[in-house]
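Please open the model in the viewer and follow the selections below in order. Each stop names what to select and then describes what is found there.

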Amino acid sequence: MKLLFAVVCTLLILLSAGNVECRRHGDSDSDRQYKLFVFGDDYADTGNYPLADLSKTTRAWYYPYGSNDKDHGMSASGRFSNGLVLPDFIARILGLDESPPAERSREQDGVDPSGMNFAVGGAGVVEGTHEAPKLGTQVDKFRRLVRHGIIDKDLTDSVALIAFSGKRDYARVNDMTSSEINAMAQDVTDKIADAVEQLMDLGVEKVLVSTLPPIGCTPWLSRSSDHSGSSCDSQKVSSIHNAYLEEKVFNDAAVFNLDLTTMFKRLTSGSGSLSKKFKHKLEPCCEIFDQSEYCGQMEDGVAAYSLCSTPDKYFYWDDINPTHAGWKAVVKELEESIKNFL
């Protein structure tokens, strides 16, 4: 259908000496009804991880997560932040209020017209669990819903977002050799490239794929150096991963490089105009007392963490995830290029 449309448009342009402008229905920004489909981990989950008793994996359903989220009653909504997360701000660029609903909350025979979120906190691209399925399993869920007609097979003006923090797949980074890191990066990026191809084969028109941020700078790994940022990519994990993405994924015009690497560096190094608002660039707002603990953990009724009083001054919320203000600034920096891509 797309090929036929292109051929007809070309013929019309030639016959009219170039005075015809060809646009698909819905191509004007005011008429477009975008559909967003989200895949990923903590960076993108908006409520897919099953609600259960408080634990490290379920923490996004408990205080202090969501404690500054005006859009959800200042309470936890399954988002791994104090407020909104990456797909919420991407959705606003598409004219939506927030990320499409989590797949977990889907009615048996209904899908929100804005799309669906399949991302699950704790998932990886090649690693996953039953509760936090890996990327391929998330895409399989999407495929089944399309084939069964639950998600409309007409995916005109559809956009997919694939966003991973890397924490699951590169969990052993400090103990991995250079060859192991290289092999893992090859495998992870192969799986991302395969997911992009499958989504486009199913009819998704545009795909946003996040690069791997400088994980050595996240509180998860920078805590050992007192959050100095002195070894942000000492093992070159992000550089290797992103080089493979460039080779395998970003050479397709329908795929957008959601450059979290550059944005995270810009906002936490003091070189960007928006970075000045983050007085605390590498230490988290929700800081644990011990490496084995987690944000939100309670021990005999006592918090095993400290909480900052001004989260908007912090880029990071917990060990790996940005604050509401951090994500908002990241997407603000990328907004113009995303709009141009769409």
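Select Cys-286 and Cys-295, which are joined by a disulfide with an S to S distance of 2.1 Å. The model shown here is predicted. The torsion about the S-S bond of Cys-286 and Cys-295 is about 100°, so this disulfide is right-handed. Cys-286 and Cys-295 are both buried.

The structure holds two disulfides. For the other, select Cys-285 and Cys-308, whose sulfur atoms lie 2.0 Å apart. This link is left-handed, with -90° about the S-S bond. Cys-285 sits in the loop between strand S6 (280-284) and strand S7 (286-288), and Cys-308 in the loop between strand S10 (305-307) and strand S11 (314-316), so the pair ties together parts that are 23 residues apart in sequence. Are these two cysteines buried or exposed? Cys-285 is buried, with a relative accessible area of 3%, and Cys-308 also counts as buried, at 13% relative accessibility.

Next, select helix H2 (residues 86-93). Seven of its eight residues are buried, so the helix is largely enclosed by the rest of the structure. The buried residues are Leu-86, Pro-87, Asp-88, Phe-89, Ile-90, Ala-91 and Ile-93.

What covers the buried residues of H2?

- strands S1 (35-40), S2 (115-117) and S3 (158-163)
- strands S4 (206-210) and S5 (255-258)
- helix H8 (324-341)

Methods. Residues numbered from 1 in each chain as written. Predicted model: local features only at pLDDT ≥ 70, side-chain atom pairs only at ≥ 80, totals over all residues. Heavy atoms only, no water. Buried < 20%, exposed > 50% of the residue type's maximum accessible area, 1.4 Å probe, protein only. Helix = DSSP H or I, 4+ residues; strand = E, 2+ residues; numbered from the N terminus. Contact = heavy atoms within 4.5 Å. Disulfide = S-S within 2.5 Å.
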